[in-house]
Amino acid sequence: MSEKLLETFTQCLAEAQSDSREAQRKALRTLASLTKVSPPNRNLLAQIGGAIATLVGLSRSSSSTVQTLSLCILFNLSLNNNLKHVLADMETIYHLNSIILAPTSPESGKFAASLICSLSMLNKNKARFGVTGTIQALVKVLGEPRCPASHHLLSSLSELVQFHGNCTLAVWAGVVPVLIQIVESNDSEDLAGSALAIMGLLARYEEGMNEIRDKEGVVSLLVDVLGRRCMLSKEGAADVLLRLFDESEGCMRDAARLPEFSSMLADISVRGSAMAREKAIQLMKKMMDADLDTYLEPDPEYYHW
């Protein structure tokens with residue numbers, strides 16, 4: 001069976017390099033299908049001499065379909081942990097950056113971002129993406145209006161900023177105002193939740209915390225999220241507030257002065273997700289321990305259900 005499959009893979013790779021676009025597309029679709037759900041198939045394809053180099057070369061095609069299918073196959077291969085380091089060579093990373101910055105189609109941009117996310121799940125690869133300008137590319141494209149690959153780009157950024165050095169690079173690239181802009185936008189609740197989760201990761205380190213804390217109106221924005229956004233966003237906003245409160249009593253007082261804050265916390269502590277309830281309770285405890293209850297003004301609307 002493996003010999004027949006090996007023959008199929010070899011034939012498909014040959015046809016993928018032919019001058020016929022139709023033959024290329026057919027061969028790449030076959031490879032994409034065979035590597036979609038089978039880890040052994042991925043390993044077998046990767047073991048064929050020159051297979052990965054061929055697929056990377058095809059991902060440079062001027063045909064958006066050929067480029068997208070090639071990226072799809074490379075993404076499939078990257079799902080095998082033993083292939084992540086092999087795929088993340090510097091030249092390939094630079095190429096993925098160029099696709100993100102100027103994709104031939106929305107789908108190619110999404111697959112390039114997904115491939116970056118998958119490869120960066122291997123901790124050894126995180127630093128490689130940091131020194132090849134990937135962080136700056138992600139931040140730049142996320143700052144552009146109505147980016148079709150925003151979900152995928154945010155996932156990649158979230159994975160990369162778990163490494164402290166990449167967090168610093170992201171802050172220097174201006175990621176905080178970009179994330180705040182996404183949270184303020186009403187385009188997508190999922191995007192806002194992802195942006196807040198990244199802010200929570202950035203706030204673990206001094207440079208990220210300082211940048212977030214110094215943004216005017218950030219506490220008011222986070223409290224507003226607690227009252228009107230999806231549960232994922234509430235969890236993210238509560239996490240960032242907890243980190244801000246640990247660093248700054250001024251931020252805690254700013255939140256306490258907002259009349260709706262106490263009622264929002266009470267509401268989330270009984271009607272939120274498990275994580276949101278836990279964080280809301282932690283926030284209330286911090287307020288009590290800091291003896292800021294005199295700043296808290298219950299929202300009368302909260303008691304008129």
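Here is our talk about some of those labels, one at a time.

Modeller: Happy to! Please keep in mind that this is a predicted model.

Colleague: Let's begin with Asn-41. Why is Asn-41 called buried?

Modeller: Buried means under 20% relative accessible area. Asn-41 has 15% relative accessibility, so Asn-41 counts as buried.

Colleague: Where does Asn-41 lie, and which residues of that helix are buried?

Modeller: Asn-41 lies in helix H3, residues 39-47. The buried residues of H3 are Asn-41, Arg-42, Leu-44, Leu-45 and Ala-46. They pack against helices H1 (2-16), H2 (21-35), H4 (51-58), H5 (64-78) and H6 (81-87).

Colleague: What makes the pairing of Asn-41 with Leu-34 a polar contact?

Modeller: A polar atom of the Asn-41 side chain lies 2.8 Å from the backbone oxygen of Leu-34. The cut-off for such a pair of N or O atoms is within 3.5 Å, and the value of 2.8 Å meets that distance. Setting aside residues up to four places away in sequence, Asn-41 touches Leu-5, Phe-9, Leu-34 and Thr-35.

Colleague: Now for Glu-184 in helix H13. Why is Glu-184 called partly exposed?

Modeller: The label partly exposed covers what falls between buried, under 20%, and exposed, over 50%. Glu-184 has 48% relative accessibility, so Glu-184 counts as partly exposed.

Colleague: Which residues beyond its sequence neighbours is Glu-184 in contact with?

Modeller: Leaving out neighbours within four places in sequence, those are Leu-221 and Arg-229. Leu-221 is 37 residues from Glu-184 along the chain, and their C-alpha atoms are separated by 7.8 Å.

Colleague: What is the volume of the largest pocket, and which residues are closest to its centre?

Modeller: The volume is about 280 Å³. Of the 15 lining residues, Arg-146, Ser-150, Ser-185, Asp-187 and Leu-191 are the closest to the centre. By class, the lining has seven nonpolar, five polar and three charged residues. Helices H11 (150-160) and H13 (175-184) each supply at least two lining residues.

Colleague: And how many residues does the largest nonpolar core have?

Modeller: That core has 97 residues, and Leu-45, Leu-202 and Phe-245 have the most contacts inside it. Among the residues that Phe-245 touches, beyond four places in sequence, are Cys-251, Phe-261 and Leu-283. In soluble globular proteins, nonpolar side chains tend to be buried together.

Terms used: Residues numbered from 1 in each chain as written. Predicted model: local features only at pLDDT ≥ 70, side-chain atom pairs only at ≥ 80, totals over all residues. Heavy atoms only, no water. 1 Å grid on protein atoms, 1.4 Å probe; cavity = no way out; pocket = protein on both sides within 12 Å on 5 of 7 lines; lining within 4 Å. Points joined across faces, edges and corners; volume = space filled by probe spheres on them. Helix = DSSP H or I, 4+ residues; strand = E, 2+ residues; numbered from the N terminus. Nonpolar A, V, L, I, M, F, W, Y, C, P; charged D, E, K, R; others polar. Core = buried A, V, L, I, M, F, W, Y, C linked by side-chain atoms within 4.5 Å. Buried < 20%, exposed > 50% of the residue type's maximum accessible area, 1.4 Å probe, protein only. Contact = heavy atoms within 4.5 Å. Polar contact = N/O pair within 3.5 Å; in protein donor to acceptor, adjacent residues only side chain to side chain.
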